[in-house]
Amino acid sequence: MASEHRLQFRHAVDDDWPEIFAADARAFGSDAPRDDALKANERGRIANEDVVIARDPALPGEPLVGQAMYYRLAMSVPGGARLDFPGLTWVSVAATHRRRGILRELLTRLRAKWHAEGHPIAALWASEGTIYGRFGFGPALFADDVRIDDRQEMRIPAPKQSQVRYATADQFIQVAPALYERWADVHPGVMLRDELWWEDYLLDDRPSARPFTTGDRQYLLHPDGYATYHLDSTAPGLPAARIEEVVAATDEAHTELWRVLSSLDLVVTTTGTLPVGDPLRFKLVDLRGVKVVDHYDTLWVAILDVPGALRARTYARDLDTTLVVDDPVGEAGGSYRLHIADGTATVTEGPGGTGEIACAITDLGSLYFGGVDARSLAAAGRVRASSPELLTAFADVWRTAAHPATGVDF
Ligand SMILES: CC(C)(COP(=O)(O)OP(=O)(O)OC[C@H]1O[C@@H](n2cnc3c(N)ncnc32)[C@H](O)[C@@H]1OP(=O)(O)O)[C@@H](O)C(=O)NCCC(=O)NCCS
């Protein structure tokens with residue numbers, strides 16, 4: 001658009017950051033990082049060259065009017081391998097400059113950079129459900145916010161000696177990274193945390209970084225997992241327990257951590273977030289003890305390179321078919337032969353195999369972590385298969401050994 005030609009788009013430099021922090025806080029109704037530790041941590045996790053900003057030279061002070069950037073992250077994919085990916089984040093356009101194509105220009109530049117860097121996938125957490133499909137991202141993972149009724153009882157009897165204990169933050173950080181890695185080995189979609197992400201996690205719990213009505217974070221450790229929660233005293237009376245994370249590498253650790261969390265005394269409510277597929281309700285004597293209060297999309301995935309992405313994960317069954325992918329935004333579209341044998345995919349350009357599956361690149365992103373059923377997408381007219389049998393087979397290949405989970409909201 002004509003007005004955008006006079007905007008300046010470029011990578012960030014150090015001097016841009018006070019405005020970047022302020023613009024992000026303004027857009028999302030949060031506080032800009034208040035102290036040097038938080039600022040240094042954020043800066044450590046995002047390099048200037050991974051940020052694109054827009055400035056308006058026609059206005060006094062050439063204000064920053066748009067920004068988009070990415071974390072360099074890795075996540076577990078089905079089968080347990082780790083995949084590096086750009087995690088799109090801190091996306092905002094000034095309210096004074098919306099709907100003039102600034103977001104489109106920022107993302108076009110970032111996608112070109114990801115393409116040049118050879119990333120097979122990109123991912124994000126979306127603020128709204130209608131923005132990112134046009135940029136090639138499909139909703140891939142989902143979660144439920146739940147309220148847990150008082151004093152739940154587990155069907156599995158408690159062990160004679162509980163392995164769960166409270167820990168200090170110092171004790172927690174000695175063991176949590178290894179437990180988290182083991183959790184990512186089991187569940188696909190988990191975003192891994194390096195030292196700076198763990199530092200951020202701990203910084204988040206300083207009294208200066210949380211509301212004064214929220215108590216210290218509580219840490220529970222088990223040999224195969226951990227859980228964290230806060231007690232909130234926003235309303236008069238008993239506090240509310242807010243479960244922050246349950247990271248369990250075994251079913252037993254999941255059971256024993258939830259045994260403690262679902263029967264806390266002297267709390268008015270217990271709330272938390274469960275990845276879709278979490279078995280908690282089936283472990284309770286009363287499965288209605290877990291009430292879903294909200295259901296939403298978490299991770300959105302864009303496939304940037306179909307063969308590269310599909311080769312990185314493993315599959316639940318054999319398949320040999322033509323996959324026709326429509327990619328109006330990027331360069332990943334085309335006709336591929338998808339040959340899956342013994343859990344491994346070989347993807348070659350051009351048709352081959354038996355029958356044909358067709359879908360948009362966003363739908364392939366939705367399927368990638370096994371969190372979306374291809375039959376639902378077909379019923380919605382998004383995936384088309386040349387026969388019902390092929391659709392059933394195609395739906396089966398994505399199934400994963402354990403349900404996907406995301407780990408971190410970025
Ligand atoms: C979302 C936001 C970044 C859009 O920026 P923008 O510069 O106004 O977007 P653009 O003008 O480049 O729009 C690009 C396309 O996205 C569409 N779009 C933009 N924002 C949209 C929204 N909130 N809902 C639906 N569609 C949207 C536009 O209609 C346009 O579509 P088209 O090109 O197919 O016609 C901006 O509104 C914003 O900062 N919102 C608050 C923060 C936020 O939600 N950020 C996203 C974080 S994940």
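Author: Domain bounds come from an automatic or database domain assignment. Here they give domain 1 (2–119), domain 2 (144–295) and domain 3 (306–397). The model is predicted: local features need pLDDT of at least 70, side-chain atom pairs count only at pLDDT 80 or more, and totals for chains, interfaces and linings use all residues. Residues are numbered from 1 along each chain as its sequence is written.

Reader: Why is His 222 called buried?

Author: A residue is buried if 20 or more other C-beta atoms, placed from the backbone, lie within 10 Å of its own, exposed if 12 or fewer, and partly exposed in between. His 222 has 24 other C-beta atoms within 10 Å, so His 222 is buried.

Reader: What makes a residue a contact of His 222?

Author: Two residues are in contact if their C-beta atoms, placed from the backbone, lie within 7 Å. Not counting residues up to four places away in sequence, His 222 touches Gln 163, Val 164, Ala 253, Glu 256 and Leu 257.

Reader: Which strand holds His 222?

Author: His 222 is in strand E9 (residues 218–222). Strands (E, at least two residues) and helices (H or I, at least four) are DSSP runs, numbered from the N terminus.

Reader: How do you know that E8 and E9 pair?

Author: Two strands pair if DSSP finds at least two bridges between them. Three bridges join E8 to E9, and these strands run antiparallel.

Reader: What is the order of the strands in the open sheet?

Author: The order is E8-E9-E10-E11-E12-E7-E13, with mixed pairing. Strand E8 (165–167) and strand E13 (290–297) are the edge strands, since each pairs on one side only.
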